[in-house]
Amino acid sequence: MNTSIRLIGVPTDIGAGARGASMGPEALRVAGLAAVLEAQGLSVTDLGNLAGPPNPWQPPHDGYRHIDEVRAWNLGLHQAVLAELRAGHLPLVLGGDHSLGLGSISAVATHCRERHKKLRVLWLDAHADFNTAALTPSGNLHGMPVALLCGLGPPELTGIGGHVPAVQPAQIRQIGIRSVDAGEKRLVHEHGLEVFDMRYIDEMGMRHTMEQALAGVDADTHLHVSFDVDFLDPEVAPGVGTTVRGGPTYREAQLCMEMIADTGRLASLDVMELNPALDVRNRTAEVAVDLIESLFGKSTLMRKQPPTRAP
Ligand SMILES: [Mn+2]
């Protein structure tokens, strides 16, 4: 891969139900993200952090919390990601809460339309993030980005990329899901989202799951990964605001990342919801960096040619 990776920090918890994901970008830097990727021979440029409005910590208005601020952060992120893609770079978004998936993925979708590329989004998460204000009392927008991307929600947010819906449900595969509200489940089925939940992974294994999720990805496909750190089992990754028991183990997650890397099609990435305020000695950030390393091709495979590494 001769792509140049661009780190874009988005230090906000504007869409979350707990404060602290705003510190995520710095924790990933402290865990050595750039150095680890550079050690693999990749070119990495850290563009620093985007700026945006502070978190006013208000209750929901008309069913949504902080809609103006969420829009502002996502507009900025949309522009930043689109600029990097147009310049031929690989944007790696350091969140921040998962409401930022809206700005990031709407930009990726715009880019794919411009280049006539196929888009495949892998949504690695404990949650479907397919809520609407009618379904959730909390109004936290980090539970809604997939619905927003599919055109469900207020026009101030669904319209961020100028194309509604920004993506089609058929372009998305969700993996690791294990916490979905009843109404949300109905909506997910109505819209035909393809979901590989934990029951599926338990029964079929991660290898088969990833083969299915990646089926059809070819040389013409832009592969985007939106990695919510709560995808992982809380035993592995305690530093998130919305832990759900029963997630993938460290090794299952590694296999997931390695199989994505094997496609050679990864073209953009979000790492979201890391919350250092809830972490233990930055352990979760270090796990996330390990997994990102695998996503960019560090292999534990011994049976063929092991990758050549400097001693
Ligand atoms: Mn999420």
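This is a predicted model: local features need pLDDT of at least 70, side-chain atom pairs count only at pLDDT 80 or more; totals for chains, interfaces and linings use all residues.
Biologist: Which residue just after α7 takes a positive phi?

Modeller: That is Gly-192, with a phi of about 70°.

Biologist: Let's step back to the whole chain. How many helices and strands are there?

Modeller: The protein chain has 10 helices and eight strands.

Biologist: How do you know whether the radius of gyration agrees with that of a compact globule?

Modeller: We set one value against another. A compact globule of 311 residues would have a radius of gyration near 19 Å, and the protein chain has 18 Å, so the two agree. Along its principal axes, the C-alpha trace spans about 60 × 45 × 40 Å. Of the 311 residues, 53% are buried. Among contacts with a separation of 6 or more, 76% join residues 24 or more positions apart.

Biologist: Now to the strands. What makes you call β7 mostly covered?

Modeller: Strand β7 runs over residues 221-228, and seven of its eight residues are buried.

Biologist: Which strands pair with β7, and in what sense?

Modeller: Strand β4, residues 118-124, pairs with β7 in the parallel sense over seven bridges. In that pairing, Leu-119 stands opposite His-222 of β7. Strand β8, residues 266-272, also runs parallel to β7, and six bridges join them. One of the residue pairs there is His-224 with its bridge partner Ser-268 in β8.

Biologist: How does the chain cross from β7 to β8?

Modeller: The chain passes through helix α9, residues 250-263, making a β-α-β crossover that is right-handed.

Biologist: What makes that crossover count as right-handed?

Modeller: Point the strands away from you: the path from the first strand over the helix to the second has to run clockwise for that name, and the crossover from β7 to β8 is right-handed in this sense.

Biologist: Which residues does the UniProt annotation "binding site" cover?

Modeller: The unreviewed UniProt entry lists His-98, Asp-125, His-127, Asp-129, Asp-228 and Asp-230.

Biologist: How do you know that they gather at one spot?

Modeller: They span 133 residues in sequence, yet no two of their C-alpha atoms are more than 11.9 Å apart, so they come together at one spot.

Biologist: Why is Asp-125 called buried?

Modeller: The cut-off is 20 or more other C-beta atoms within 10 Å. Asp-125 has 28 such neighbours, so it counts as buried. Asp-125 sits in the loop between β4 and α5 (145-149). Setting aside residues up to four places away in sequence, Asp-125 touches Gln-174, Gly-176, Ile-177, Asp-228, Asp-230 and Phe-231.

Biologist: And what makes Asp-228 count as buried?

Modeller: Asp-228 has 26 C-beta neighbours inside 10 Å, and the cut-off is 20, so Asp-228 is buried. Asp-228 is found in strand β7. Beyond its neighbours within four places in sequence, Asp-228 is in contact with His-98, Leu-124, Asp-125, Met-272 and Glu-273.

Notes:
Residues are numbered from 1 along each chain as its sequence is written. A residue is buried if 20 or more other C-beta atoms lie within 10 Å of its own, exposed if 12 or fewer, and partly exposed in between; C-beta atoms are placed from the backbone. Helices (H or I, at least four residues) and strands (E, at least two) are DSSP runs, numbered from the N terminus. Two strands pair if DSSP finds at least two bridges between them. UniProt positions are given in the numbering used here, feature names are shortened, and annotations may be inferred rather than shown by experiment. Two residues are in contact if their C-beta atoms, placed from the backbone, lie within 7 Å. The radius of gyration is taken over C-alpha atoms; the globule rule is 2.2 Å times the number of residues to the power 0.38.
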